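Q: Hey, could you walk me through this structure? I'd like to take it one piece at a time.

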Amino acid sequence: HRIQIYDTKQNLVKSFGCKGDNPGEFHYPKGIATDREENIYVADSWNHRVQKFDASGNHLFSFGSCGEGKGQLNEPYDVFIAPNADILVVERYNHRVQIFNSEGTSLGWVGGRGTVLEEELAAIYETPKSFFNAPAFEFPTTIDADSHGNYFISDSGNHRILKFDSRWNLLLAFGERGEQPGQFEYPLSVAVGPHDLLYVADLNNDRIQVFSPTGDFLYAIKEAGNTASIKAPSLSAIAPDGTLYIGLTFDPKVSIFELPQETRQDAPEPGDGENELRSLLKLSRIAAATQGAENDNLFLQGLDIFSSHLDAERQKVLSAYADWEEAALEHNQQLFAEQKQVLEQRDDPGVFNRNLFQAETQDRTRFRQLRHLFSVYRKVVEQASEYSGHILNACSTDSCLKPYMEFAENHLARVGDLMTRLLDVREQNEKIMMAAFADTENQEGKWATFLVRSNANARIMDVLRQFHFELRSLLAGIKGAALKFPSHPLTQETLKRQFIELEGSEKFFKILLGFQEEGPLHRSLDILLKDLIDFWMIGWGAHAETSPVELTLADLEPVAFDDENLTLKEMAQPLLTDGMCLRKTNSGLGSGHLHFSADQALGNEAEFLKTLWKLFENQRVYATRHLETHQQLETLSRQKQTVETQARRNNPADKQAPIALQNDLAVVNFQVSVLKRMALTMEINEASNLFRLVVGVGLFICANKNKSTAEAVRLLEALHAFQQDLQETILLDLEKRKKLSFEASRLNGILNSDAENQNIEELNQTLKVNDQVAEIRPRQEKLDAILNRNFNISNRMKKILAFEKTCALDNASGQADRPDLKGEFSFANSGPLTRDLCQPHGIATTLEGDVLITDYENHQVIRFSSQGIYKNHFGGFGNSPGFFNHPIDVKVNSQGLIYVADEKNKRVQKFRATGEFLLSFGDHESEDKRLGPVFSLSIDPLNQIWVADPTHNRIQVYSGEGDFVRSLNGEENSSQGIFEPASIHCLENGDYLIGDNSPYLLKLFDNDGKYIRGLKKEALGFGEIYYIASHPEHGFFATDYWSNRIIHLNAHLDVISVISQPGQRLGQFGKIAGLAILNRKLIVADFENFRVQVLECPALKRGS
């Protein structure tokens, strides 16, 4: 329990400390470090603190106490002084690296407890980053840094070494459990020596392993000197002269080893293919910073290599899946035989079922092998996506476009074919399950058949989710290439071939149908496909040369809700044209690339009108059936909840009940699956019914027959009244959705609060809250389904009524009125971020004309060009400097410095334009000045930072350096006060706008805080305003997040328009977050649709 200091000749110079917990005393001191002033820092492990001493061993101060909170420590194992004087402490039992400033104040930490397996599972199943605290550590022990400022951590329990850059971005992980070269058995220490070589004390393998800085094994040291073997090495340290010092667990001596002049390699480099891809990625990152023809050749060579690796890893997954399927079927048969004996009370607890045990072991082994291959496959997909993104951006000409599009189309065809074949197998299984479910006689065989197929389908979906990831990555890559070369003929040809023509797009329709139960995966793919279709339609659709389609009355007949005979062409037409306006053509009616006429059918006006009425009335049938289906789904969700609750509370001694409950759960899940399939079929059929109604009414209007008879006038009046009623229903349902979301958030807040040391009563309360959350979920799903359906219907009604208005005004172009905000293009994560579904919240523009977004759920800030091309990103989940816990807003000051509102860390962080962390504020001031969860921020002409702090009912103002300046407080219902402010927006003249929870939607104040004017919420139907953007030529734009709407105002806060375009097509929105104006474009964070949209920004009329 002491520190001993030796000179270079190993003579003891000084010793200080003894066992105890007073200052200067120790209880198993572990790591030690010195700073530039030769002060000594000691990880006082069992006292759970770090002590600082001067060079003579005099105690200066201590920090830390036992615990897992901020500033607390649990067995600090090592300490390291960073170049900026921060103190890095490796906590073995908190499984993290905590960062302290030079005074010993905690700045947060990096990492959390987790295993390599958990890391793989989180990646495979796309676990939200806030649910899995990466990077994962399992008993980390030591830390060191190389000459480039990169950090190395010995992650002993995961048997690996982790490498981070100076911003704590994970660069590399190498090692696994084993005794072969490059493998570890509890690596307790890592030290960086000359040439940045790594020396790792491999505890249970009795050796020191030496690696290159990139993790390549070089050689192993198994003996110290000529005779002494190394047993259980726990410490490795390198002197400036290159001498290696080794500490052994069971030997009080320190062994000294002179390093060889030349390194040798006892084993080949691990994973040549992995190194090959890693080298290509490194080159692509360099190329991304340059532009030149030399990149083109690199791109072509690299694509071929990645193509081979993708094919190989995909085939490995398929082979391993086949092996797993065989093992799982055998396990199922053995299990069902065992369960049969239990149900018939013929089982003997004293007899070991060896066959079942062996089958279960083989099933689990095969699944683990496949799961690892999933992880490897996804990694290669990520690398290919990042590589192609870097090189496409770096190419100075379009010479890279053709090879990339060929690469993407080839792999789309391969992965699409695999997915459709697996979906065909799943469909056959479902038919067999349906037949078994209906079998009333063969009860014994019924359950075996049903469960075998049910389990097989679950395994198929496990594989399909991985292929979905590659499919999504390829589509995102094509979207990125289209944004880079938007007018190129090859872009037009590729998009048309893959997404417009039926031969190419057929696979996507099948895959979408197959993923109807996988909510986020279905939605993300659906939106991405619609974006690509709309991109082509806007660029080329109206100019495409296609022959007009002559429609008959039979073509316009209503589509039954349960019709299963629609052709692929009939299903595709609504998807292709829903995002396009109607327009008059020489032959009749146009929408996108489609042209329609119905001269013969229109000749019989009465029958034509009668058919339109039938289409319109058919919507009532859909409304009834839709509601019935979702009520049934809600009922089944409750049944599922009941069964799961019974299973949790089952008596462990009862072996029969779990079998029956498992069967019940399988049936409920199957019924849910069938109902969701029915709901999707109904959605497709309704889209076709509405498409016929839109086209039919459009043709009727084109022929100037909409006012020819009283019956025609009545139809149009009915459509107007229907749309008005629909809008009122939507507003009411949006308010219900908001209330449900707030209630779910409140309950989840209770569940996420500190649950340690709960007594029985508190645990029972937690279970009740869990049940309440589970009860809300189906209600939310039902409401979302109703809203999405009504959004789709409303958008089609708007299309008809806008076209009618245009034709009534005799518009020379015959083009329907454009929406208030015309969509131009959208963009989302691509390149290295393709793995993450973008969830944009805050938006800002930089001095260079780039766009910054805060990716709320992925906890990062991303920079795009104004054309939507990915450039770089920074951040990640955590509470240490430069990391975020739900970044909600971002702003840039006049010097280009970046400020990020870090909502759940309750702070604002400041960065250089390059993303380097500078400082944070709002979380470490005096208690009365600390921020609650931050909502929005703004920067005034003096570069002061204004922060909306609704929890404390105030606006906080800080200097650009984070020093507190003043507070703006107020009271409820006051026009001049502030009540729970959600948004703050500073104007160029020093005035500012506030959106809060008072009766006023917005309030304008001058730079002295004097109230100027306000806009009341009354009659507007808006809730709180969360984000505001302004420009002298365009006025104010403000978002109501919960109602998918934007309000457009002039400088006097007069309402110019309310833009309500909910939906998924270009120019339509889900929940809307941040706004920015750049180059006469309005940039919108379309949070719910995983994208950022760029729209034509309407200018103010003169005098507004």
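Q: Okay, what stands opposite Leu235 in E24?
A: That's Gly247. Keep in mind that this is a predicted model.

Q: And how many bridges join E23 to E24?
A: Five bridges join E23 to strand E24, which covers residues 243-248. The two strands run antiparallel.

Q: What's the strand order in the open sheet of three strands there?
A: The order is E23-E24-E25, and the pairing is antiparallel.

Q: Which ones are the edge strands?
A: Strand E23 (233-238) and strand E25 (251-258). Each of them pairs on one side only.

Q: How are neighbouring strands of this sheet turned against each other?
A: By 20° on average, if you ignore direction.

Q: How many bridges do E31 and E32 pair over?
A: Four bridges, in the antiparallel sense, with E32 spanning residues 851-855. Within this part of the sheet, Ala844 stands opposite Leu852 in E32.

Q: Helices now! Where do the axes of H5 and H13 come, and at what angle do they cross?
A: The axes of helix H5 (residues 401-438) and helix H13 (residues 657-702) come within 12 Å and cross at roughly 120°. That angle makes H5 oblique to H13.

Q: Is the crossing of H5 and H13 left-handed or right-handed?
A: It's left-handed.

Q: Which residues make the contact?
A: On H5 you have Arg426, Glu430, Met433, Met434 and Phe437. On H13 there are Val667, Phe670, Gln671, Ser673, Val674 and Arg677.

Q: And what does the contact of H5 with H13 have by class?
A: Six nonpolar, two polar and three charged residues.

Q: Last topic: what domains does the domain assignment give for the protein chain?
A: According to the assignment, they are domain 1 (3-193), domain 2 (278-484), domain 3 (568-810) and domain 4 (824-1100).

Q: How far apart do the C-alpha centres of domain 1 and domain 3 lie?
A: Those two centres are 54 Å apart.

Conventions:
Residues numbered from 1 in each chain as written. Predicted model: local features only at pLDDT ≥ 70, side-chain atom pairs only at ≥ 80, totals over all residues. Heavy atoms only, no water. Domains from an automatic or database assignment. Axes fitted to C-alpha atoms, helices over the stretch in contact; angles between N-to-C directions. Parallel < 35°, antiparallel > 145°, perpendicular 65-115°, else oblique. Left-handed = near helix turned anticlockwise from the far one by under 90°. Contact = heavy atoms within 4.5 Å. Nonpolar A, V, L, I, M, F, W, Y, C, P; charged D, E, K, R; others polar. Pairing = 2+ DSSP bridges.
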